[in-house]
Amino acid sequence: MYNQRSFSRGGPQRSSRGFAPRGGGGFRQGGASRGPRPAYIHPSRYINHAQPVAPAEEVQIKHKFTDFAIDPQIVSQITSHGYSVPTPIQDQALEPALAGRDIIGIANTGTGKTAAFLIPIIQKILLDKNQGALIVVPTRELASQVQDEARAFIGRMPIGSVLCVGGLSIEPQIRTLSRNPHIVIGTPGRLKDLIERRAFRPEMFTTVVLDEVDRMLDIGFRKDVEYLISLMPRERHGMVFSATVTPDVDRVIQTLLRNPVRVSVKVTETNEHIDQDVIRVVPGQNKIDILHNLLVQPDFQRVLVFGRTKHGVNKLEEILSEKGLRVDAIHGNKSQAARQRALDSFKRGRTKVLIATDVAARGIDINDVTHVINFDEPMTYDDYVHRIGRTGRAGKVGKALTFIQ
């Protein structure tokens, strides 16, 4: 329960079904950001009292890393970075992947699936330097995380990798590709651009990984993914990882994989452990003042705020910064370097508030987000579920608030 007295100067007051804010003004009348109108979602779907987090069911791990057919150099890199035993998906996927079997991995973000495909790739390249792997992911942020993990596992081994994403200059990527790196990690749009410039030839890569393919298809990369698959060699080793298997995902699996091994360690996603409520805004009230009054409260320690448009996110960042808050923003027009700096600052606690659009937030995987605030309503309820899932992690109760008008 929030302290009502702390909002006595125009801030929201708690009602039995949410916040009843007071104030004046906004970006324009009513305080809404410009952009396409979302599908109607009944406000009751934004309200939920959090349930206690049930303890996770313990999964029996059957292997140690030394049990697998992995080069001692790789094992040394794994252990030197603090990994002692495999995660469940690594425990189940490493053996068939190392044997060259195609893999369908059904797993959430944060389950260790990156290592489940990187370790077999590095092992294959150590045995045969003519091997190459293409790793395709939906967002720049996720690509950067995969690149960091690849470098950690490779260490000083003679294996080259390159990050191919938008928001960074394409020329250094072209130069690195000309040196034939073993591992290419990229987003579909930038990879297609490199192919069209004749700087990248997917047919030279015998292993392909599609990570978080459900998100890739959700944000409009279906044709680009199909195009990339069409250019891969017929004899290939494929691995697909996804949190869900929709009909579109299944079509990708059928096109890419042959007689795959299915590995599933997906934790059922539920938002029952997230305390959800609404902030009601009426015409003439100031959404930004209401938001500011929330953000200065001591329990709002690490807050992710969602806006619908790039312009709205920029404007909100500017106004909140002028009001003295430590705030950053990420969206599709920000350079990759700027987005990574903002994420790192938020992750390390130097920035209290991160404002994001939906697409830019797809790669965010940060623990200890105390609150998610939907300053603009999501376009769909699925987007809402994805947004608020950034809080309430690692057995903690999260909080989510949605502005409605």
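Reader: How many salt bridges does a search of the whole structure find?

Author: The structure is a predicted model. A salt bridge is counted where a side-chain nitrogen of Lys or Arg lies within 4 Å of a carboxyl oxygen of Asp or Glu. Searched in this way, the whole structure gives 15 salt bridges.

Reader: With which residue does K113 form a salt bridge?

Author: The closest N and O atoms of the pair are 3.3 Å apart, which is within the 4 Å limit for a salt bridge. K113 lies in helix α3 and its partner in the loop between β7 and α7, so the pair ties together parts that are 99 residues apart in sequence. Both residues are buried. The partner of K113 is E212.

Reader: Which residues are linked with K113 in a network of salt bridges?

Author: The salt bridge of K113 with E212 belongs to a network. The residues linked with K113 there are D211, E212 and R215.

Reader: Why does L291 count as buried?

Author: L291 lies in helix α10, which covers residues 287-295. Leaving aside residues up to four places away in sequence, L291 touches V305, L316, L320, I373, F375 and F403. The limit for a buried residue is under 20%. L291 counts as buried because its relative accessibility is 0%.

Reader: What are the edge strands of the open sheet of 7 strands?

Author: The sheet has parallel pairing, in the order β5-β6-β4-β7-β8-β3-β9. An edge strand pairs on one side only. The edge strands are therefore β5 and β9.

Reader: In β8, which residue is the bridge partner of I103?

Author: Strands β3 and β8 run parallel and are joined by 4 bridges. Strand β3 covers residues 103-106, and β8 covers residues 237-242. Within β8, the bridge partner of I103 is M239.

Reader: How many nonpolar residues does the contact of α1 with α3 have?

Author: The axes of α1 and α3 come within 10 Å and cross at roughly 145 degrees. Q73, I74 and I78 in α1 meet I119, I122, Q123 and L126 in α3. By class, the contact has no charged residues and 2 polar ones, and its nonpolar residues number 5.

Technical notes
Residues are numbered from 1 along each chain as its sequence is written. This is a predicted model: local features need pLDDT of at least 70, side-chain atom pairs count only at pLDDT 80 or more; totals for chains, interfaces and linings use all residues. Side-chain values use heavy atoms; hydrogens and water are left out. Helices (H or I, at least four residues) and strands (E, at least two) are DSSP runs, numbered from the N terminus. Buried means under 20% relative accessible area, exposed over 50%, partly exposed in between (1.4 Å probe, protein chains only). Contact means heavy atoms within 4.5 Å. Two strands pair if DSSP finds at least two bridges between them. Axes are lines fitted to C-alpha atoms, for helices over the stretch in contact, and angles run from 0 to 180 degrees between N-to-C directions. Ala, Val, Leu, Ile, Met, Phe, Trp, Tyr, Cys and Pro count as nonpolar, Asp, Glu, Lys and Arg as charged, and the others, Gly among them, as polar.
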